[in-house]
Amino acid sequence: MTKATVVGVGMTKFGVHDQTLPELFADAAFPALDDAGVAQDELDAFYFGNAMSGLSENETHLAPKVATHLGMTGVPFQRFEDACATSANAFKNAVQAVEAGVHDTVLVGGVERCTPETGRDTPEMTRIFASASHRQYEQPAGLTFPGVFALLTKRHMHEYGTTEEQLAEVAVKNHYHGSMNDRAHFGGEKTVEEVLDGPVVADPFRLMDCCPFSDGASAVVVTSEDLAGSFDAEGVDVTGNGHGVDAVPLGDKDSLPETKAARDAAREAYDEAGVTANDVDFAEVHDCFTGAEVLATEALGLFEDGEGGPAAAEGRSRLGGETPVNPSGGLKAKGHPIGATGTAQITELTEQLRGEAGERQVEDARTGVAHNLGGDSGTTVVTVMEERE
Ligand code: COA
């Protein structure tokens with residue numbers, strides 16, 4: 001088996017966009033192809049992610065429509081849907097196809113529009129997102145995603161003493177990181193007091209504990225390590241991939257704050273890469289809510305169980321700290337256009353490992369980890385990427 005390497009990345013600014021989904025995706029895909037120095041007719045496949053467009057934009061069977069807009073026909077294209085882990089799953093499948101020799105070079109990415117530009121306001125989009133929760137047991141009870149992660153976080157607070165101030169520190173950190181990312185939906189530095197003064201969305205989360213609804217797209221080009229040298233851009237190796245799963249609904253999980261899917265995915269990815277959490281220089285994690293970042297950093301083994309909150313408050317996960325987490329600003333500040341989030345994390349890992357992240361560059365970044373979860377953590381994909389030798 002060969003290894004897979006990322007040789008091209010591109011993403012739009014996350015925020016508010018009024019283009020169609022194929023137009024928006026093209027604004028990420030063409031920069032990724034340019035970065036790699038590859039043309040559409042040199043690609044062997046297109047793995048595409050979009051989670052909600054059937055409900056939010058009355059658009060299904062999107063992969064061929066997007067491919068046609070890109071001027072790509074004659075290669076297999078397929079769509080992936082795994083709630084918020086949509087494009088991480090597309091990426092994992094593309095990596096495995098390259099490793100197995102099924103395809104040489106694959107375009108992978110995702111796009112989503114979630115802002116009122118779609119004609120859907122916050123309550124309506126919240127209802128659409130809740131389609132990822134259990135149809136019979138959770139939706140009729142009115143459980144929404146802020147509610148799901150509030151429940152997970154409340155249990156963590158109960159078991160470990162995590163505080164609202166520590167959660168606010170996660171938001172402050174990620175807004176600080178996002179202030180150095182011109183593709184972030186929300187930059188602008190915040191204070192703990194400002195976060196704690198915000199209106200409650202779902203206890204313990206206030207406005208600034210939540211990621212926003214965003215529009216955006218991201219795309220990457222994956223090829224085999226043997227071919228990597230023939231592309232324009234410096235390749236970054238994908239050395240480990242893990243895909244963990246857990247029961248849905250929440251009531252069927254053995255433990256809420258443990259996020260079993262993430263722990264299983266991390267173990268699988270670290271084993272494949274031959275690394276441990278101690279080797280990780282930085283991570284992009286799925287901080288859809290501040291509490292979700294605390295849970296993710298513990299599941300990845302970056303901090304001991306119960307230490308995720310204190311670590312954020314002590315600056316250990318800030319740029320310049322022991323293990324920077326979400327140098328891009330994360331979902332919290334960079335934004336969260338569902339189907340685009342997974343490959344946006346891969347874009348950040350690639351740019352960091354090439355040393356091209358500018359002001360928010362992690363010092364001596366050699367090994368990075370991405371953690372992208374779907375739904376109530378029923379699905380989690382963890383990816384390890386390393387600088388090329
Ligand atoms: N972070 C920072 N600022 C935000 C923000 C966020 N997440 N969301 C909104 N804002 C700002 C807006 O820019 C606006 O500022 P302004 O008054 O200066 O213009 C203000 O806060 C109010 O924004 P608005 O869009 O009216 O808020 P809302 O009440 O409609 O929605 C949330 C806010 C947090 C409820 C909504 O963004 C949300 O539900 N987020 C979670 C989405 C989600 O569940 N994703 C899936 C995760 S698994």
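**Aromatic pairs and a domain contact in a predicted model**

Phe129 counts as buried, at 14% relative accessibility.

Me: Is Phe213 buried, partly exposed or exposed?
Reply: This is a predicted model. Buried means under 20% relative accessible area and exposed means over 50%. Phe213 has a relative accessible area of 22%, so Phe213 is partly exposed.

Me: How many aromatic pairs does the structure hold, and which kind is the pair of Phe25 and Phe46?
Reply: The structure holds eight aromatic pairs. In the pair of Phe25 and Phe46, the ring centres are 5.6 Å apart and the planes are at 40°. An angle under 30 degrees would count as stacked and one over 60 as edge-to-face.

Me: Are Phe25 and Phe46 buried or exposed?
Reply: Phe25 is in helix H1 (residues 21–36) and Phe46 in strand E2 (residues 45–49), 21 residues apart. The relative accessibility of Phe25 is 0%, and Phe46 has a relative accessible area of 0%. The cut-off for buried is under 20%, so Phe25 counts as buried and Phe46 is also buried.

Me: What area is buried between domain 1 and domain 2?
Reply: The domain assignment gives domain 1 as 4–118 + 214–236 and domain 2 as 142–212 + 244–334 + 341–387. The contact takes 33 residues from domain 1 and 27 residues from domain 2. Carbon and sulfur atoms give 61% of the buried area. That area is about 2,300 Å².

Me: Which three residues supply 27% of the area that domain 1 buries against domain 2?
Reply: No other three residues of domain 1 supply more of this area. The three are Met11, Phe14 and Val236.

Me: What is the distance between the closest N and O atoms in the salt bridge of Arg354 with Asp35?
Reply: A salt bridge needs a side-chain nitrogen of Lys or Arg within 4 Å of a carboxyl oxygen of Asp or Glu. Arg354 and Asp35 form such a bridge, with their closest N and O atoms separated by 3.0 Å.

Methods: Residues numbered from 1 in each chain as written. Predicted model: local features only at pLDDT ≥ 70, side-chain atom pairs only at ≥ 80, totals over all residues. Heavy atoms only, no water. Phe/Tyr/Trp six-rings, centres within 6.5 Å; stacked < 30°, edge-to-face > 60°. Helix = DSSP H or I, 4+ residues; strand = E, 2+ residues; numbered from the N terminus. Buried < 20%, exposed > 50% of the residue type's maximum accessible area, 1.4 Å probe, protein only. Domains from an automatic or database assignment. Contact = heavy atoms within 4.5 Å. Buried area = accessible area lost by both parts, 1.4 Å probe.
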